[in-house]
Amino acid sequence: MEVDTIVAVATPPGRGALAIIRVSGSRTRSLLARVAPGLSDPPVPRRASLTALRDPKNGRLLDRGLVTFFPGPASFTGEDTAEVAVHGGPLLTGMVMEAFRKAGARAAEAGEFTRRAYLNGKLDLVRAEAVADLIEADSPALHRAAVHQMDGGLSRRLSHLREALVEVEALLMHHLDFPDEDDPPVPAEEVVAQAQALADELDRLLATAPEGELLREGAVAVLAGRPNAGKSSLYNALLGEERAIVTEVPGTTRDALEARVSMGGYPFRLVDTAGLREVADVVESKGIEVAHRYLSDADVILLCLPVDQEWTEEERGFRDRFGADRPVILVRTCADREEGEGAPQTGEEAQEAGLQPKAHSVVRVSARTGEGLGRLRDTLCQLVFKGLVEARVDAPILTRTRQREGVELARNEVRAFGAALDSGVPAEAAAAHLKGAEVALEEILGVIAPEDVLDRVFARFCIGK
Ligand SMILES: Nc1nc2c(ncn2[C@@H]2O[C@H](COP(=O)(O)OP(=O)(O)OP(=O)(O)O)[C@@H](O)[C@H]2O)c(=O)[nH]1
Ligand SMILES: [Mg+2]
């Protein structure tokens, strides 16, 4: 079948030693014959050849590049593909791109190479998403999860669940229809029990989704507390650079500052906020409003309080307002100073002081000496990525909303099936739920994939991938 032949620069824009231009489609060979006329035709498969690259219209020399031809179907996309390594100047790569366009290629859309690989059965949708995660990964934990997923970890798990679903269907058949006397019918309870077991398995996979999604997005960790508590100093210390302004004036920070940072191997979006207090200053009170917004979205809060200051009603009110449904770490800042009386120093004391149970972590740090920063990072990972830290990331986990929604739907359908059968709905009617679950799992893997699902998955890829 004739498909468009597409071309894209696969390396990032800008100047570099090399840039790679990728071509894929049934006309790849004839395009190479025009742009790289010195290359043998057909080119030797999978062997890099140094050859002249020319403008197909006037034969002008553009560069000498390394051309590798991958005949389909044994290529990444499954089609005839070529990779052309040229010198990495933006003007030059543009000219080589243009040469392929003049020869008849079309500029590729975002993710189009991977989309073709998927359509040609080279990889399922979950693995395609893993490729995108691998490129985007900015923390070792996401990298590990993406590699595992690209290797088929999650795909195998989902396929296994799909097989288990087929087994429930088979059991249901056996419940409805028993051909001979020696083979008695399966009681409905047994079918329900098996469906229940499958729903539990789906639930276990679903339980990985909150942390899995945070692995891609980065967990929002918000530094908060009274003015002058050392939040901005801690922010800088955790980032390893002077990003936020620090002064001895209370109310220095007015706006929220956000930075992505990998701590203990896990991704965080660390946010510095304005100190919380009652103020008349309109700018500062706007800043406090912003802080409140971030706090309501936080995955974890670092409530900062210098070691020489006391835990007061203010901190307690703060915890009541924001700490009810997310972990709070009480960070005793300025640990290099003389300690004050009356502030909670241990987990037990913090709990007595009314911090909710999840918030019992207390960590002493000094932005000045660096004391306690390692422990604070570890505590953050433990609190936010608990399941992953314990299970290790190379177990199958759901890292995308799309995957979570699919598994959720499958789980609901399996539960609905069990409930229906239990309450005496005819088995043939209840079976529709099993079909629904199967479709949901197949959509995640891309066994069946409506066009709009594909559009959404691949639109987030970069050009040339
Ligand atoms: N000794 C000591 N002083 C610190 C430490 N961290 C911060 N400070 C001092 O505490 C003061 C306030 O620090 P900031 O980091 O600006 O505090 P903040 O909580 O961001 O303050 P606002 O932005 O005003 O809410 C500054 O004078 C810092 O030098 C520390 O670890 N040890
Ligand atoms: Mg500040």
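The protein has 17 helices and twelve strands, where helices (H or I, at least four residues) and strands (E, at least two) are DSSP runs numbered from the N terminus. This is a predicted model, in which local features need pLDDT of at least 70, side-chain atom pairs count only at pLDDT 80 or more, and totals for chains, interfaces and linings use all residues. Residues are numbered from 1 along each chain as its sequence is written, while chains are lettered from A and ligands numbered from 1 in the order in which they are written.

**Overall layout**

- The protein is divided into domain 1 (6-108), domain 2 (130-208 + 398-459) and domain 3 (214-391), with bounds that come from an automatic or database domain assignment.
- Taken over C-alpha atoms, the centres of domain 1 and domain 3 are separated by 52 Å.
- Along the principal axes, the C-alpha atoms fill a box of roughly 85 × 80 × 35 Å.
- Of the 465 residues, 42% are buried; a residue is buried if 20 or more other C-beta atoms lie within 10 Å of its own, exposed if 12 or fewer, and partly exposed in between, with C-beta atoms placed from the backbone.
- Among contacts between residues at least 6 apart in sequence, 68% join residues at least 24 apart; two residues are in contact if their C-beta atoms, placed from the backbone, lie within 7 Å.

**The six-stranded sheet**

- Six strands form an open sheet in the order β3-β4-β5-β2-β1-β6, and the pairing is mixed.
- The edges are held by β3 (49-54) and β6 (106-107), each with a single partner strand, so one side of each has no neighbour in the sheet.
- Strands β1 (residues 6-9) and β2 (residues 16-24) run antiparallel and are joined by four bridges; two strands pair if DSSP finds at least two bridges between them.
- Ile6 has Ser24 in β2 as its bridge partner.
- Eight bridges pair β2 with β5 (residues 81-88) in the antiparallel sense, and Arg22 has Glu83 in β5 as its bridge partner.
- β4 (residues 61-70) also runs antiparallel to β5, with five bridges, and Leu66 stands opposite Ala85 in β5.

**Helix α9**

- Helix α9 (residues 231-239) is largely enclosed by the rest of the structure, because seven of its nine residues are buried.
- Those buried residues are Lys231, Ser232, Ser233, Leu234, Tyr235, Ala237 and Leu238.
- They pack against β7 (219-225), β8 (257-263), β9 (266-272), β10 (300-306), β11 (328-333) and α13 (373-384).
- Gly240 follows α9 and has a positive phi, near 80°.

**Around ligand 1**

- Of the 23 residues around ligand 1, the nearest are Gly230, Ser232, Ser233, Thr253 and Gly275; a residue is near a molecule if its C-beta atom, placed from the backbone, lies within 6 Å of it.
- α9 gives the largest share of this shell, three residues.
- The shell has seven nonpolar, eleven polar and five charged residues; Ala, Val, Leu, Ile, Met, Phe, Trp, Tyr, Cys and Pro count as nonpolar, Asp, Glu, Lys and Arg as charged, and the others, Gly among them, as polar.

**Glu390**

- Glu390 is found in helix α14 (residues 386-391).
- Glu390 is exposed, with 8 other C-beta atoms within 10 Å.
- The C-alpha atoms of Glu390 and Pro426 are separated by 43 Å, although the two residues are 36 residues apart along the chain.
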